[in-house]
Amino acid sequence: MNAKQEKIILLAADFVAINLAWLVYYFVRVRSGIVGMSMNVELWLPMVAIYLFWLLLFFAVGLYRSWYAESRFDEITRAFKIISFGCLSLFFAVFADDVGKNVNIQSRLLIAIYWAIMLGSVSVERLVLRSVQRRMLIAGVGARKTIIVGSEAKSQELYDELLKYPALGYKTIGFVSLERTRATPHCTLPVLGDLSALHAVVERHDVREVLIALDSSDHDRLLDIVSKCNGHKVGLKIIPDLYDIISGQARTNQIYGFPLIEISPQLLTPWEATAKRTIDVMVSAAVLVLGLPFWLLIAAMIKVESHGPVLYKQERVGKDGKLFSIIKFRSMYRDAEKEGPQWAEKKDPRVTRFGKILRKLHLDEIPQLLNVLVGEMSLIGPRPERPVFVEQLSKEIPMYLRRLKVRPGISGWAQVKHKYDENIEDVRKKVQYDLFYIENMSLRMDFKILLSTVAHVLLGRGHT
């Protein structure tokens, strides 16, 4: 069972649980006479509105993340908090215009009744799903292909522990040795290759989880292992005694009593990710619509000055390595790269006179807001690079592919802190800034970068 199928099952189950809770509440409130209130309340329209409310709230706080993310207790605890918050918000809005002491008392009672029904319905639904999932995993259904990276002794030790916890969902297919060596007769795990073949092993076996079991003398190998896995959609975890060597980039993940430590997790909380995407869409749409006359004027001036299309498209690498076409106002002469991809230079002769103005004010970037609207980019994030350069830089710069774990941005921490890329050394420096941003992502940091970007535009600090 893949992540998409998991989400569909969760959505279907929540649909039943949320609407069932409303039907029970409707019966208690309108038909039963328990609350002592005679009300003429519609059934279907409020049901649709309330379902959409809970659906958006559940998405925002991350209740539709992978089933493997939390234990049953942790999920029910989080559901308790979310439903409590949602019920208070919902009923404060519905009963904001209530007047009279008697109505207010009844309102509080209705809040408590719906909260109890909703919490019970969703909790039971989630517990049933988790219990079914646990039994399926124990039976080997839906388990994720997993490999262990490390010494033979440590890998075997970790494998033996995993066999005690089948509900974790790890289907261990073998281990990758740190050295080119054959396994001893005591090892029950097949050797899939050595560390140099890790990238190929992950790709060939469609691996979804990589568990790292290093001896204390092999701590220096961790960066190499993480770098080799960063270009793949895999979870990275290590045994807990190595926490000290990745301080600041790890998050404890303990399920069914088995502790593992997650390396380089996505640090943006679900609600922040939802808010970030909402801001992206709203700001992009507003700038494109409100500034339309100005953008049409820019298009006309580009067309007047030089032959060629107004917009310039170029293939870039986006989140998780997906390719997309970035859109910009053309600032160079036509066929500027007829001799192949190359770094832009200061006072580049390929740039038109009007193009220099566009670049200085960053106005050539405006059409990228269309990329933001369709979800290929964000307002803030690492700068998207071309496939040929990504292939080259991923070989030369450790952790470079970590940049592909987030949606690329029009502006970012590296763009406001460092100059325009002119050579490989500039890229190396900017990768440090990009990694810092990824490990410290937050809405607060995004607003800080956005303000710095506006200052850059107003002061005309763009690359010409």
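At what angle do helix H8 and helix H9 pack, and how far apart are their axes? In this predicted model, helix H8 (residues 270-290) packs against helix H9 (residues 292-305) at an angle of about 65°, and the axes lie 5 Å apart. Because angles of 65 to 115 degrees count as roughly perpendicular, H8 is described as roughly perpendicular to H9. On the H8 side the contact is made by Val287, Leu288, Val289 and Leu290, which meet Leu292, Pro293 and Trp295 in H9. Sorted by class, this contact of H8 with H9 holds 7 nonpolar residues, with no polar and no charged ones.

Charged side chains are the next topic, and the count of salt bridges comes to 15. In one of them, arginine 126 pairs with aspartate 14, with 2.7 Å between the closest N and O atoms; this pair links distant parts of the chain, since arginine 126 sits in helix H4 (residues 101-138) and aspartate 14 in helix H1 (residues 3-31), 112 residues apart. Arginine 126 counts as buried at 3% relative accessibility, and aspartate 14 is likewise buried, at 0%.

Another salt bridge joins the side chains of arginine 353 and glutamate 305, at 3.6 Å from N to O. Because arginine 353 lies in helix H10 (residues 353-360) and glutamate 305 in helix H9, the pair ties together parts that are 48 residues apart in sequence. Here arginine 353 counts as exposed, at 65% relative accessibility, whereas glutamate 305 is partly exposed, at 26%. Finally, salt bridges with shared partners join Asp14, Glu75, Glu125, Arg126 and Arg130 into one network.

Conventions. Residues are numbered from 1 along each chain as its sequence is written. This is a predicted model: local features need pLDDT of at least 70, side-chain atom pairs count only at pLDDT 80 or more; totals for chains, interfaces and linings use all residues. Side-chain values use heavy atoms; hydrogens and water are left out. Axes are lines fitted to C-alpha atoms, for helices over the stretch in contact, and angles run from 0 to 180 degrees between N-to-C directions. Helices (H or I, at least four residues) and strands (E, at least two) are DSSP runs, numbered from the N terminus. Angles under 35 degrees count as roughly parallel, over 145 as roughly antiparallel, 65 to 115 as roughly perpendicular and the rest as oblique. Contact means heavy atoms within 4.5 Å. Ala, Val, Leu, Ile, Met, Phe, Trp, Tyr, Cys and Pro count as nonpolar, Asp, Glu, Lys and Arg as charged, and the others, Gly among them, as polar. A salt bridge is a side-chain nitrogen of Lys or Arg within 4 Å of a carboxyl oxygen of Asp or Glu. Buried means under 20% relative accessible area, exposed over 50%, partly exposed in between (1.4 Å probe, protein chains only).
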